[in-house]
Amino acid sequence: MNKKRKSSLVGAVEAGGTKFVCAVGTGPNEFLARTQFPTGRSPARLLEKVAAWLKEREREHGALTALGVASFGPVDLDKASPTYGHITTTPKPGWKNAEIVGALRRAFPHIPIGFDTDVNGAALGERRWGAARGLDDFVYVTVGTGIGGGGMARGKLLHGLVHPEMGHIAMPRLPGDPFEGVCPFHGRCWEGLCSGPAIARRAGQAAESLPPDHPAWDYAIYYMASALVSLTCVLSPKRIILGGSVRKAGRLGEQRFFERVRKSFREIMAGYIASPALTENGLANFIVPPGLGDNAGVCGAMALARAARGPA
Ligand code: ZN
């Protein structure tokens, strides 16, 4: 390895609700090592394993200059808070109030640790290497087991009171739709209607195995487009990147899923916002899959590490 690359080596942790993906490298095409651990129910034990794995990679590849953690949430991002770097209210067993950053800080006391939501991490990674290059205002949404959204306004990651919780926005009800949704907090929020488990509950089978003409897709696509219209009206993004597993849409296929979401978006928006980006042709570049594909999350953690270290 050349000296420049070695001096910019970072550790990345994509902390997901199902698995933790860990990597060491400098960017999307420069992974020197990668592994994953099931999330399980014991945060302390898992973070010990993660730290030990990163330490071993240091011995093989050289010192890490920073760590980045892109985490499922909700998380505490207030650096003045005693629970900074903790998960907060998750219903996930064992993870309520779990400490994430502190556990890594004890193992790596001398390097910066970047910490943000998984979706803000992915947004940063997409801006550096993926589908948001050159954009200062955009949204990154993941639709999988849950729905989360992050992004940037004027080149800064979206933070505020806590961090955006786009997956829990209230949703309209299509006439005649009796489905009550699956969110344990709100029922029919966006996550309650369009996450993988929501589509599966409505259809009585996993989304991946649904025939392309199954009505559950019609509902999912309408509600998805409706939520994206709301985000567009509120945040005025220049692009929406739609990641996560649901976008692959099983037998319907990713391409048709995106085409149908864009068409429905146009119908719901009804021509109100006059921008070339929201015309039939423009929408092909407005609602897009992640440029980093399924690596968006772990690359996001890497981007958070690089940002924590400062300009290199
Ligand atoms: Zn909800």
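Modeller: Two strands count as paired if DSSP finds at least two bridges between them. Please keep in mind throughout that this is a predicted model.

Biologist: In which sense do S6 and S7 run, given the bridges that join them?

Modeller: Strand S6 covers residues 138-143, and strand S7 covers residues 147-153. A hairpin of three residues leads from S6 into S7, and Val141 has Gly149 as its bridge partner in S7. Six bridges join the two strands, and their sense is antiparallel.

Biologist: In the hairpin of S7 and S8, which residue takes a positive phi?

Modeller: S7 and S8 run antiparallel and are joined by two bridges, with Ala153 of the pairing standing opposite Lys156 in S8. The hairpin has two residues between the strands, and the one with a positive phi, near 50°, is Arg154.

Biologist: Which strands stand at the edges of the open sheet, each with a single partner strand?

Modeller: The open sheet is formed by five strands in the order S8-S7-S6-S9-S10, with mixed pairing. Each edge strand has a single partner, so one side of it is left without a neighbour in the sheet; the two are S8 (156-157) and S10 (287-288).

Biologist: How many of the residues of S7 are buried?

Modeller: Buried here means a relative accessible area under 20%. By that cut-off S7 is mostly covered, and the number of its seven residues that are buried is six.

Biologist: Why can strand S4 be called largely enclosed by the rest of the structure?

Modeller: Ala66, Gly68 and Ala70 point one way from S4, while Leu67, Val69 and Ser71 point the other way, and all are buried. S4 spans residues 66-71 and is largely enclosed because the buried residues number six of the six.

Biologist: What is the bridge partner of Leu67 in S5?

Modeller: S4 pairs with S1 (residues 10-15) in the parallel sense over six bridges, and in that pairing Glu14 stands opposite Ala70. S4 is also joined to S5 (residues 113-117) by five bridges, again with the strands running parallel. In S5, the partner of Leu67 is Ile113.

Biologist: What handedness does the β-α-β unit of S4, H3 and S5 have?

Modeller: The two strands of the unit, S4 and S5, run parallel, and the helix that belongs to it is H3, made of residues 101-107. The unit is right-handed.

Biologist: Is the peptide bond from Gly73 to Pro74 cis or trans?

Modeller: Pro74 is found in the loop between S4 and H3. Omega of the bond from Gly73 to Pro74 is near 5°, and the bond is cis.

Biologist: At roughly what angle do the axes of H6 and H7 cross?

Modeller: The crossing of H6 and H7 is right-handed. Ile199, Arg202 and Ala203 of H6 make the contact with Ala216, Trp217, Tyr219, Ala220 and Tyr223 of H7, and these residues divide into seven nonpolar, no polar and one charged. The axes of H6 (residues 196-203) and H7 (residues 215-235) come within 9 Å, and they cross at roughly 145°.

Biologist: What is the relative accessible area of Ser236?

Modeller: Ser236 is found in the loop between H7 and S9 (240-243), and although it is not a glycine, its phi is positive, at about 50°. Exposed means a relative accessible area over 50%. Ser236 is exposed, its value being 52%.

Biologist: Is Ala270 buried or exposed?

Modeller: Ala270 lies in the loop between H8 (254-269) and H9 (280-283), and its phi, near 55°, is positive in a residue other than glycine. With a relative accessible area of 62%, Ala270 is exposed.

Biologist: Is Arg57 buried or exposed?

Modeller: Arg57 has its place in helix H2, residues 43-61. Not counting residues up to four places away in sequence, Arg57 touches Val24, Ala33 and Gly62. Its relative accessible area is 10%, and so Arg57 is buried.

Note on methods: Residues numbered from 1 in each chain as written. Predicted model: local features only at pLDDT ≥ 70, side-chain atom pairs only at ≥ 80, totals over all residues. Heavy atoms only, no water. Buried < 20%, exposed > 50% of the residue type's maximum accessible area, 1.4 Å probe, protein only. Helix = DSSP H or I, 4+ residues; strand = E, 2+ residues; numbered from the N terminus. Right-handed = clockwise from strand over helix to strand, strands pointing away. Axes fitted to C-alpha atoms, helices over the stretch in contact; angles between N-to-C directions. Left-handed = near helix turned anticlockwise from the far one by under 90°. Contact = heavy atoms within 4.5 Å. Nonpolar A, V, L, I, M, F, W, Y, C, P; charged D, E, K, R; others polar.
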